[in-house]
Each structure stands twice: as structure tokens, then as C-alpha cells.
2 protein chains.
Amino acid sequence: MGRKKNIFYAQSGGVTSVINASACGVIETARQHRDRIGKVLAGRNGIIGALTEDLIDTSREKKSNIAALRHTPAGAFGSCRYKLKSLEESRAEYERLIEVFKAHDIGYFFYNGGGDSADTCLKVSQLAKSMNYPIQAIHIPKTVDNDLPVTDTCPGFGSVAKYIAISTREASLDVVSMAKTSTKVFILEVMGRHAGWIAAAGGMASTPESQLPIVILFPEITFDRERFMAAVQHKIKKFGYCSVVVSEGVRGPDGKFLSDQGLRDAFGHAQLGGVAPAVASMVKEDLGVKCHWAVADYLQRSARHIASKTDVTQAYALGKAAVELALKGRNSVMPAIIRTSDSPYRWKIEEVALSRVANREKMMPRRFISRDGFGITASCRRYLKPLLKGEDYPPYRDGLPVYVELSNHSVAKKLKADFDLDR
Amino acid sequence: MGRKKNIFYAQSGGVTSVINASACGVIETARQHRDRIGKVLAGRNGIIGALTEDLIDTSREKKSNIAALRHTPAGAFGSCRYKLKSLEESRAEYERLIEVFKAHDIGYFFYNGGGDSADTCLKVSQLAKSMNYPIQAIHIPKTVDNDLPVTDTCPGFGSVAKYIAISTREASLDVVSMAKTSTKVFILEVMGRHAGWIAAAGGMASTPESQLPIVILFPEITFDRERFMAAVQHKIKKFGYCSVVVSEGVRGPDGKFLSDQGLRDAFGHAQLGGVAPAVASMVKEDLGVKCHWAVADYLQRSARHIASKTDVTQAYALGKAAVELALKGRNSVMPAIIRTSDSPYRWKIEEVALSRVANREKMMPRRFISRDGFGITASCRRYLKPLLKGEDYPPYRDGLPVYVELSNHSVAKKLKADFDLDR
């Protein structure tokens, strides 16, 4: 083994429109330090790639392809939903990771994900220490849910927020055009099972100068059908129509998700429901007005065509910072965005100990939600505004964005044993 | 009354992301001919504005606001769903139109809509002739459904097509990233109750050079559950996942819409269903794989942020052409796009007699749908490709597109009688 260690990089959990920008930051920066860093090896399908020794040699990818990661959504090396549990419960898996790292001369473990992967990252570092294997574990934040602590925001969130704000503004203009004789209520279902950050972004479609009638249903606020209908009715009276942005995580007084309606078709088969159609049915029943509904689902988190420039810039910068932290010898840390000014937006990157990040969720502060529970406050606007700012258009060919497909060359396996995944 | 007659302009039916670009073409071109044309008066909420003498004086709108219509989605003067029937059934309404036109010195009737409004336009011209009132009726094509005959395409369609193709490509990249451990089938519901033009656009996300596994469900093809599942299964086997683009108008062998599932919640209340969740439930039941689904609804037809440049250019050009036809003394005509070359795309505008347009729907030719019924053919690609081409980004402020809100000054009423709308 030489002195130059390789980086292992993996994408974790639900992908975003800018997670590849972080990968781009990692790989481009590592390539600038060939004197001290070996190769960047990526896990095929995330951590599963490490467990099964299915590694991708990014050094065989040409420069222009790596550069194109900056404008390519989703996970270019594949991601996965595979949670490692405690050191006790998942010991075999943690040990297998170290074994694979050893075999491939990996000195840096870069894990690009949300809260769970921050925790995994911390545990890998702890186990390696107890096994006397020298590794620097660095977590790169990513999650559309925006629920990681310490960091001002999580890459992926700003672009979803921008997509939802724009979509809400555009659909609202459509509805107001037609409201005289047609649809009066439009309902958009957005992601966010626990925290209402994405739903809050819908409120940005309206500004104090140019108001649109928007009612938001946050997962933080228990759904009250009567109060909700009164709020919608009030907007219809004043504006002629109403747009509703509803989080998938909204629950009724019984604690059950609104989307969990126990739907059955005419033959008694169970149906997959959404919260948007459920709310639309209630509005139709209670107010008797024509409703339309949309469910953004994956469109919102993959919409690289309208990504926020702030978000892309930060995603790249955090990937770059991870390499710089590695070069400084840091371990068990995460580079975080620290906001130093709202307007103009100023931010810097600081390292945070993983112990401060793992297993802690950042919820929406109640002061970001208006008193009636259906809107956002001025302080929420101040927080969100810079995160949506700037456009960062991908290149186009024949009317469609050109996203790169990497060749993803495999690294030859060195271990004899196969590894059975837990699931 | 002077010799300079006014134009009456109205938007009809479902709005699009570029119908205001046609309005912009009308108003800017009319303003260049002040020597021969009076004002452009717009109907507030479409033809209802004419019937109720609720007219908007666009001459009071400043130049920059009119220019901004080019990049503003939806209907800036309001539109409506209000169909005039035959001359016999709706005679009072047609006569009322002429009465309002007379009172406001209107010599040109510009109706911006789909097949129904082409028919209305024709009838207004016929009745005016029989009543000896001189009017030139000109129809400006618009419809996301792309179902008007003669014209190569309808403004509004190209931009929806672009949005659906981009969204399908982006969501597919998301799904393939996660397919190893999570979602294997993604289903996107798109508009198009009668014709599969919009669904076909989903197929453009995949190209012969860079293939994505996409299965399309067209309203033209009767849904065959077994064959559909086999097609999805085949894609999953080959690519690890499958994206499905389903038209809202797909029907089963019983002739009923797939979305019409007779859904009931746990309390027996009827629920508004979509076709996407219905198909997702079937996939889950038959193939046992994890599904996600999205319903684009109004987002697709209002997505001005990613409008097709071809579409915007044609929408404007058709508005301009309407004024030029008016100046040439034409009546009962529609300016249409005539394609003269696929690649490079060349087109020109020609006038078409309304009698050739009214009450005729242009369906997808069967040769545009692949033999198995689940994809598009090379000739469909040749047709669609230029329509998606080019980007035409709106201006942004604070991360959001700046869309104009007109002041829409009312014209003083001249008639004493109010008019009771039929519905």
C-alpha cells in the first residue's frame, strides 16, 4: 500500500436534483490533489456497493463527463435505501465495510446523505478506530427534507423549494384565468412526511407585493376540516379561487395520515391514495366547488431543469469542502452551511462534529408558520428567499436537457467471499 | 363612428402557457397599425365578457406590460368554458354579441381557442352577414390537446410536450438511481382525454441513442391489463425499472375510463380518482413491486418556465398573422402553421377557411404509435422533435419567474340591458 489513499464515495437514500453536483465537487477537487489523494471509488447503488464490493472507478471517467455531473439530476452511481443499524445489531456489515476499505486502500469514507447516513458515517469512524483501521469518515449533507441540524440548509432542498414555488405560482395563474366558470380550488401535494419545509416553499409563490390566495397544510399542524374549509372559502370569496399546497405528511385528529383513507375500488380492491385527491374530495363535498389536484412526487426532486443556483453552488461547495477536510486530516465531521447574512445572502462552510448531526431532526420552527396555521411568516420568507435564488440551466439538445450517463467502470474484486445483504 | 374599427379579442377554454403570447402578437401588431385599426378590446373571462359587455381596454395598458404577456402563462384577461350552441339554440347569445360589437364599434372578432371556438367564430361571421353587420371573424388556434385540423400544431401543445418529456426524463433518472432497493415503476398521468398527443411526448424522454424504459398508455389503445403488465415486466427485466406515461383518457375493455374506479373511502364516501393511482395499484397487485405515481394536472399546461421556443414563437406569430389577415380584409379564417420541412424545421403561416377547421378533430395517426401500442414510432419523433425545440426563459426575480398582472381597465358600458347568461 502506498501513502496515497483512495476515497470511497457513496450516495444514500432518496436522490435529489443536485446530489451529483456534490459528487462533481468531490471528484474534481480530488483530481486537483493527485499528489496526496488516490482515486475516488464510488459505491454502485450506494452503501450496497461497498458491502458487496461493487465499486466504480471514477478515475476512468473523462473530465467532461465528471463536469456534466454538476447539471445532472438523480444519483449517477446509484443510491439505495439500506439503513445500517447499531454497531451491535449490524456489526457484520460494519466489519465488512472495513474489510472492503482495507482491500481497496480506502482512507476516506465520504457518505452523501441525510440523517441516517450521518449516523452510519459516525459509526464507521468509531468501529474503524476500535479495529485500528485508519479512516477519515466525512458526511456530505443531502436531503430534500431539509431536516439536518446545524447546517443552514441541505443541498437538494433549495431546488425542490424553487420547483414547488414556481409550480404553485404558475398553476395559480391558470386557475384564476378559469375560475369564473370552472375550477375554483387547485390542490398540489408535495413531499415532506415529517417537516413542512417543502410545503412552506409553496407560500413563496405569493409575495407581499403580488398576492396569490394560497392555503398551506403543514404536517406540523393537525388537520382541522372545518377551519381549513373556512380558510379556503375566505380566499375564494376574496380572490375568486384558492390554491392549496398540502404536505404528504398531514395527519387528522385521529393521528392517521390524511392520505390513508382505506380506499377501495368498485371491486373492493385496495387503492393507493394520495393526500391531494383526499383533500379534493372533501372540498368538493363541503364547498361544492370544482377542484383540480396534482401530485408532484418525483418530479419535484428531480427537476434539475429549474434547480436553484444557490443550491447547485452549495452542493458543489460541500463536495469540495469534504475533500479539503480530508486533506486537513479531519474525521467524523460534516461540512455545513453557516448563514452569516440574510440579505444579501452570505454563507460560509464550517466543519461540524458528526455527533452533533447524527440522529437529530431539524423541524420547522413554529414561528415560521402563520398564527392561523395555513401560511408562512415574514421570518420564514427571509429564511427561504435566498435558497430559491438564481437559475442554473443545464445544456439542451433538441429541446431536452442533456444529462450525462457515466460509463461506471467496475473495480476488479479483491475479496473472495461474497456478502449476503441483510435484506 | 369613424372608419377605424376596434378589435374584440377573447381567450377561450383551458388556458396554456403561451396563449398570452398570441395576445401579445395581436396587441403589439394592432398598435403598429393605428392608422387603420382602433383599439384592442378584450373580453373579461372570454366570451362571457362580450355577452355581459364586460370589456377590457388594452390601449390603457403600458407597452412593457403588453410585451411581458409573451412570457406570462395562463389567460391574462380571463378565459371561460362557455360553449355557444347552434345558431338556432343560442340565437339570443349570437345576437347579443353583434349588439355589443355594434355598440363598441368592433369590426374584428378574434377568438383564441380550440375546436369549439373555431365553430363559434364561424357562426358569428354567418350571423353577422345575415344581420348585415360588417365583421371579420378570425380564429387564432390554441389548445394543448393539439387536435385542430390543418395546422401543423396548436400553440400550447409544444410547451406541454416539452414539459412532459423533460419531467419523464428527470423522474426516470431518479427511479433508476433507486431501483435496486426501492421504487421500480414510476407512473406519470398526463392530459389528453381523446387524443394521445401529450402522452406521446413522454416517449421523447428516451432517444434511440440514450434509451430509457418508457411504456405509454394512449387513449387510442384499449387498456389490456395483461399485455401492459408484460410490457412493464419486460422493461424491468432489461433496465431494472420502468416509467409509465398514462393519458387521463385511457379506457378499459368495458369502455369506461380507468380513472373511473368508483372509489370509496373507509366511510363509504366517493373519492376523486386519477388514472395514475389506479394503474399503480394494479402494478402493485400484479407485479408486487414498489410504485410511485405523479399527476401533472395544471402544472403541465402552465409551465411557462420551460416553454418551448418554437411554441412561443408560433403563438406570437399567429396573433400577429390574425391582425394581418384582418388588414387584408379576410373573414371566417384561421391562420395555420404549415410545415414545409421536418429537419431543419421550416414552417409558414397560411390562412384556412374556418369551415375546414370547425367541428373536426385531428387524432393521432395510428402510424405514430408503435405496433405493440406502448410507444412512439420514428415518424412520431420526426413530427414532435421540432415542436419541443428551444428554450424561452422568462425573467426572474428572487428565484421566481416574473409574470405580469395587467391592470385590465374596464370599458364603460354603453348598453342599458343586462344579459342573463344561459348557465
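# Close-up views of the predicted model

**Buried residues of helix α5(A).** In α5(A), the residues Gly115(A), Ser117(A), Ala118(A), Asp119(A), Thr120(A), Cys121(A), Leu122(A), Lys123(A), Val124(A) and Ala128(A) are buried, a residue being called buried if 20 or more other C-beta atoms, placed from the backbone, lie within 10 Å of its own, exposed if 12 or fewer do, and partly exposed in between. These buried residues pack against α4 (91–103), β4 (106–113), β5 (136–141) and β10 (333–341) of chain A, where helices (H or I, at least four residues) and strands (E, at least two) are DSSP runs numbered from the N terminus. Helix α5 covers residues 115–130 of chain A, and its end C-alpha atoms are 23 Å apart, which agrees with the 22 Å that its 16 residues should span at 1.5 Å a residue; the expected span is 1.5 Å times one less than the number of residues. After α5(A) comes Asn132(A), whose phi is positive, near 65 degrees.

The model is predicted, with local features requiring pLDDT of at least 70 and side-chain atom pairs counted only at pLDDT 80 or more, whereas totals for chains, interfaces and linings use all residues. Residues are numbered from 1 along each chain as its sequence is written, while chains are lettered from A and ligands numbered from 1 in the order in which they are written. The mean pLDDT (the predictor's confidence in each residue, from 0 to 100) of chain A is 95, with 99% of its residues at 70 or more, and the predictor gives the complex an ipTM of 0.97 and a pTM of 0.97.

**Helix α11(A) within its surroundings.** Of the 19 residues of α11(A), 15 are buried, so this helix is largely enclosed by the rest of the structure. Helix α11 runs over residues 309–327 of chain A and reaches 27 Å from its first C-alpha to its last, close to the 27 Å expected. Gly329(A), which follows α11(A), has a positive phi, near 85 degrees.

**The contact between the two domains of chain A.** An automatic or database domain assignment divides chain A into domain 1 (5–143 + 306–360 + 393–401) and domain 2 (157–302). Their contact takes twelve residues from domain 1 of chain A and eight residues from domain 2 of chain A, residues being in contact if their C-beta atoms, placed from the backbone, lie within 7 Å.

**The meeting of chains A and B.** Chain A can be laid on chain B with an RMSD of 0.0 Å by a turn of 180 degrees and a shift of 0.0 Å along the axis, the copies being superposed by least squares on the C-alpha atoms of residues with pLDDT of at least 70 in both. The two copies are therefore related as by a two-fold rotation axis, and the chain A C-alpha nearest the axis, that of Val295(A), lies 2.4 Å from it. Across the interface, 73 residues of chain A are in contact with 73 residues of chain B, and the largest share of the chain A side, twelve residues, comes from α6(A). Since 100% of the interface residues of chain A are also interface residues in chain B, the copies meet through the same surface.

Ala276(B) has its place in helix α9 (residues 275–287) of chain B and is buried, with 29 other C-beta atoms within 10 Å. Leaving aside residues up to four places away in sequence, Ala276(B) touches Ile187(B), Leu188(B), Glu189(B), Val246(B), Trp293(B), Ala294(B) and Val295(B). The C-alpha atoms of Ala276(B) and Glu248(B), 28 residues apart along the chain, are separated by 8.1 Å.
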